[in-house]
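Visitor: Could you walk me through this structure? I am new to this.

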Amino acid sequence: MITLSVIKADTGGFVGHSAVHPRLTAEARREIERAKSSGLLVDGHVESCGDDISLIMTHTYGPEAGLIHSFAWDTFQATTHIAKDLGLYGAGQDLLSDAFSGNLRGMGPGYAEMEFEERPSEPVLCFLADKTEPGAWNLPLYKMFADPSNTAGLVIDEMMHAGFAFEVYDLCEDRRIVFDCPAELYDMLMYIGAPARYVVHGVRSKTLGTTAAATSTQRLSLIAGRYVGKDDPVMIVRCQSGLPAVGEALEPFAFAYSVAGCMRGSHHAPIMPVPVGQAHPSRFDGPPRVVALGFQIKDGRLVGPRDMFDDPAFDGARRQATEVMDYLRRHGPFEPHRLPLEDLEYTTMASLTRRLSHRWTPITTEVATPAGLR
Ligand code: 13P
Ligand code: 13P
Ligand code: MG
Ligand code: MG
Ligand code: MG
Ligand code: MG
C-alpha cells in the first residue's frame, strides 16, 4: 500500500495574497529532498497555487501519520521564517497553533490523503485551488462520479456502472454521512448543493471497493475562539480503469462555475482553471484559481507532473470566468457577489449591531406621514 498526501498552507503572500515567493518554494523543495534522502518520503513534489504552498508526497505511513504531518508542519515553520524575513503578507497565516501535537487536524494547514494498492498504471490528478473553500469541489466531484453527461464511463464502463459512494461532512454539526450513488443521488444533491455547510470528503468505487477521490475537508475545530478548517482546498482524484478517465475528471472545469472566496474570502466569483504559471489571482484577489497536476505513480514515484490545464481547450472557461467576473463585480457590495451575512469571512456586522441597536425602532402602523404628502 502507498499513501499519497497533499498538505498545504499559506505561510505568507507575495504580493498581498497573490502568490508564493520563490524563496519559500525553494525552501520547501529542499526539505522535500531531505525527507526523500532520509527515507521518510518515497517521493515528493512542491507546487503553489496563489499564496498557498502544497507538499505532494508519497510514503508508506498511511493517512494522518504523525511523522508526515510533523514534517509538513516543520516545513511550513521554515517557510514562515523566510516569509517573516521578507515581510511577506500574512506570514504564517495558516499556522494557527504554536505547538504541533500529533497531527495537523485543526492546526490550520489543509490536507487530502489517500492510501491505496498501486495499480500497474496509476494516473492521479492533484487539484490545488486558491481563493475558495473545500465545498468548491462538490460540483466537480458530482459531475465526475455521478453525472453521465460529464462522465461517459458511468454509462459505458462496466466497472463504473454500479456507481460510487460519497462521504459528506456537515461542517456545522461535526457529523458525516455516506450516500450511495446513483440510488441516493437526489438526496445527496439536496445537501452538497449547499457547499458552505456540506462538503464531499471522499469518494469510493463500489465495484473496486477502493478510494477514488479525497478532499481537504477538515472537521472544523475551534482555535482561539474562531472556526478553522474552511480554507483554500486541495483534492486528489485517481483515474482510469473503473474510475473516471483523466479527461472526465478535468471536464467539470470547462465550466467556470461560481464559488465562495475571492476578495476577503467574502464573495462569489467564477473559478478559473489555469496552468501553474497563471495561478496568481490579482484582480479583486481573484478570480479563484484551480490548477491540476497529473502524475503517473510507479512504485510510489511521482512521475510528472503534467500541467493539465495548460491546454487551449480550457481557454473558453478562462474567457467565461473573466466575463462572469465583470458581471459579478458590477454588483459591488450587493449579493449575490457579496456572500450572505452568515458566510462572510470578514464582517463589520457585530460592531454595527452594537453601535446601531438603540436606533432600530419597531415598525408600527403609527407612521407619521409628513403633512405635505397627505
Ligand atoms: P486511448 O485510445 O488514447 O488509449 O484512449 C482511451 C480512453 O479511454 C480515453 O478516455
Ligand atoms: P487567502 O485565503 O488566499 O490568504 O486570501 C485571503 C483574502 O482575504 C483574499 O482577499
Ligand atoms: Mg489561505
Ligand atoms: Mg493569504
Ligand atoms: Mg490562499
Ligand atoms: Mg482563503
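This is a predicted model: local features need pLDDT of at least 70, side-chain atom pairs count only at pLDDT 80 or more; totals for chains, interfaces and linings use all residues.

Visitor: Which residues coordinate the magnesium ion (ligand 5)?

Guide: Four aspartates do: Asp51, Asp52, Asp130 and Asp232, each through OD, at 2.0 to 2.2 Å. Along the chain these donors follow the spacing D-D-x77-D-x101-D.

Visitor: Where do Asp130 and Asp232 lie?

Guide: Asp130 is in strand 5 (residues 122-130), while Asp232 is in the loop between strand 11 (226-228) and strand 12 (234-238), so the pair ties together parts that are 102 residues apart in sequence.

Visitor: Is Asp130 buried or exposed?

Guide: Asp130 is buried, at a relative accessible area of 0%. Asp232 also counts as buried, at 8% relative accessibility.

Visitor: How far apart are the magnesium ions, ligand 5 and ligand 3?

Guide: They are 3.4 Å apart.

Visitor: New topic. How is the protein divided?

Guide: Into domain 1 (1-116) and domain 2 (121-360). Their centres, taken over C-alpha atoms, are separated by 21 Å.

Visitor: What area is buried between domain 1 and domain 2?

Guide: About 2900 Å², with carbon and sulfur atoms giving 68% of it. On the domain 1 side, Cys49, Met114 and Phe116 lose the most area to domain 2, together 20% of what that side buries.

Visitor: How many salt bridges are there between domain 1 and domain 2?

Guide: Two. There are also seven residue pairs in polar contact across that interface.

Visitor: Which strand gives the largest share of the side of domain 1 that touches domain 2?

Guide: Strand 4, with seven residues.

How values were computed: Residues are numbered from 1 along each chain as its sequence is written. Chains are lettered from A and ligands numbered from 1 in the order in which they are written. Side-chain values use heavy atoms; hydrogens and water are left out. Donors are N, O and S atoms within 2.8 Å of the metal (3.2 Å for Na, K and Ca); water is not among the atoms, so sites may look incomplete. Helices (H or I, at least four residues) and strands (E, at least two) are DSSP runs, numbered from the N terminus. Buried means under 20% relative accessible area, exposed over 50%, partly exposed in between (1.4 Å probe, protein chains only). Domain bounds come from an automatic or database domain assignment. Buried area is the accessible area (1.4 Å probe) that two parts lose on being put together, summed over both. A salt bridge is a side-chain nitrogen of Lys or Arg within 4 Å of a carboxyl oxygen of Asp or Glu. A polar contact is a pair of N or O atoms within 3.5 Å; within protein, one must be able to donate a hydrogen and the other to accept it, and residues adjacent in sequence count only if both atoms are side-chain atoms.
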